[in-house]
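Please open the structure in a viewer and keep the selection panel at hand. The stops below are arranged so that each selection leads to the next.

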2 protein chains.
Amino acid sequence: MRIPVSKEILKAKEWLHGADHICVVGHESPDGDAVGSVLGMTWALRTIGKKVSSSLPDDVPANFSFLPGSEDITSDIPLDADMLVSVDSADLNRLGVLVEKLAAPIDINIDHHISNSRFAIINLVDSETAATAEYLVGLLSLLGLSMNDKVATCLLTGLVTDTLGFRTSSTRSETLSAAHQLMQYDVSLHDIYHRTLHRRSYEATKLWGQALGNVCFEDGLVWTQVTLEGKADIGYTARGDADVVSQLTAIEGTEVAVVFVERVNSEVKISWRSLNGIDVADVARSFGGGGHQAAAGASIYGTNLERAQDVVLDRTREAMHNYRIQLTS
Amino acid sequence: MRIPVSKEILKAKEWLHGADHICVVGHESPDGDAVGSVLGMTWALRTIGKKVSSSLPDDVPANFSFLPGSEDITSDIPLDADMLVSVDSADLNRLGVLVEKLAAPIDINIDHHISNSRFAIINLVDSETAATAEYLVGLLSLLGLSMNDKVATCLLTGLVTDTLGFRTSSTRSETLSAAHQLMQYDVSLHDIYHRTLHRRSYEATKLWGQALGNVCFEDGLVWTQVTLEGKADIGYTARGDADVVSQLTAIEGTEVAVVFVERVNSEVKISWRSLNGIDVADVARSFGGGGHQAAAGASIYGTNLERAQDVVLDRTREAMHNYRIQLTS
């Protein structure tokens, strides 16, 4: 991928090379692109002999602990850091607890989100790239930084996870080219894939069994539920649905998929996915939730699973019905 | 990928350009690489104005029917074809019912299997490539053939399916480069991925629910079963296990995964997968089956599911035990 050299990029290069101690920061609830880009940038800056620290507001999820340098990530901003670089954060608030610890503005903001608020002094944002890691593959040499096995492992992890293994519609020809460049180094795509996307806990697998065994299909609408009793039976303790909702979208003929997750204190968490043009965020908003056209969520409190399901499915059917009428009119 | 120009390649180029009617053939039980390579080669040969027919011994599976030209594939060898090109077949016998219809030897054999028996007059085999489709990406220009949107769609399908979405250990840096080249054309990786790897029938999803709900885990050994009663309950009529076995290999800590599929007439079909060095083909052979070190299968007849399971799990545990002793000694 050829990135045009801009004044901002040249200024960022000058600043990075002039700094003594650089701190690279990423966003809360870090995903693979956050951890991979923070660590990839950290190792790349070390190739020019800089002292570099890596900071994330939350713990590194266990499936990314294989990344070199992950054990040195803290939730502190070192007092002697004279340069702050944010990667993969669309907004300053996404830095969570790190925000209060900032003694100065962020110097350089490197990101791929279209919604990036350009919160730093120098803002390098390329919303065409599928992952911040993809952007960094092209950017590093322009910043006078080198690639090596460690940088490549971290960036390939960001790239693979943010594209769900090159599966998302954001995956472009250039994304594959970036992956090709990273694989020139001593990295195992197979291993990264297995550790971050394929591997599942025994409990999550049993949860899939329950949820997929109870799946219902009706005229393009697919749904299932995860109950408190079911979770207790199999000893599943995580809050999420273990990605059951994307398994539902794999079912032939699915237009809208809905998962109901029963939680303590009469909370029912609902996740929608839309595979055609139906705006599920609009449905989610009618229950106080939100999201995007194709993926949305909401929580209903003070009800039980069955009642929540009836109301939500009715509202969703109505939205699907209206959408179809709109299409044919 | 740079392929060295060999005498065989030059001869193949001369033959293809001199032919009038070329028939491209592929193997029985065609997978994505078989269908994709047959059709990719068909469309590529049409770029030099040749009359081209495509033949497969078995029907094209429904998930590949979106490929351009799939509706014209027959299980006949046209009588006026003066050149036969086999793609993705390791052996002549893999051509199934087409073998009896051959009036002449196969002229050109293009394949990536290491076990290829070099059954044609000209044999172009590259066992380093992850898919025959990957090999064809590099080979086409050397054969004087052009790429276009149709060729690219067919070959990208072969590449994506044979690597399970770039997930297999056979996926190399050059594989990603080939995918990058194909994505220069009007193709949708996202769409191919969804149609061939992600999408599942409602019945197969319910089957996953049953099988994953009943999964057992014991010291690195993971197993489950698909029963006749269960299949009848959900109306699942296919013979296979809907890829349940690879879902088991995703479970953390799995060394060996086994799936038992109950079939009519007291047949129990067993599939093994090994994630460490245990040779499951060796275990399968002791039940009259076979396969590779990492993936094997066998059928036991005249027994019931429970008894088959007891015997097979005991033999598998024994193999795992011996393997561990061997490792520590």
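Predicted model: local features only at pLDDT ≥ 70, side-chain atom pairs only at ≥ 80, totals over all residues.

Residues are numbered from 1 along each chain as its sequence is written, chains are lettered from A and ligands numbered from 1 in the order in which they are written, and side-chain values use heavy atoms, with hydrogens and water left out.

**Chain A**

Select residues 7-198 of chain A as domain 1 and residues 202-328 as domain 2; these bounds come from an automatic or database domain assignment. The C-alpha centres of the two domains of chain A lie 32 Å apart.

Next, select A:S89, in the loop between strand 3 (83-87) and helix 3 (98-101) of chain A. Helices (H or I, at least four residues) and strands (E, at least two) are DSSP runs, numbered from the N terminus. Is A:S89 buried or exposed? A:S89 is buried, because its relative accessible area is 0%; buried means under 20%, exposed over 50%, and partly exposed in between (1.4 Å probe, protein chains only). Beyond residues up to four places away in sequence, the contacts of A:S89 include A:H27, A:R94, A:D111 and A:F119, a contact being heavy atoms within 4.5 Å.

**The sheet of chain B**

Display the five strands of the open sheet in chain B, which has the order 2-1-3-4-5 and parallel pairing. Strand 2 (51-55) and strand 5 (122-125) of chain B are the edges, each pairing on one side only. Neighbouring strands of this sheet are turned by 15° against each other on average, direction ignored. Two strands pair if DSSP finds at least two bridges between them; strand 3 (residues 83-87) and strand 4 (residues 108-111) of chain B have three, in the parallel sense. Within strand 4 of chain B, B:I110 stands opposite B:V87.

Axes are lines fitted to C-alpha atoms, for helices over the stretch in contact, and angles run from 0 to 180 degrees between N-to-C directions.

**The loop at B:D20**

Finally, select B:D20, in the loop between helix 1 (7-18) and strand 1 (21-25) of chain B. B:D20 counts as exposed because its relative accessibility is 59%. B:D20 touches B:K50, B:K51 and B:D82, not counting residues up to four places away in sequence. The C-alpha atoms of B:D20 and B:K51 are separated by 6.4 Å, although these residues are 31 residues apart along the chain.
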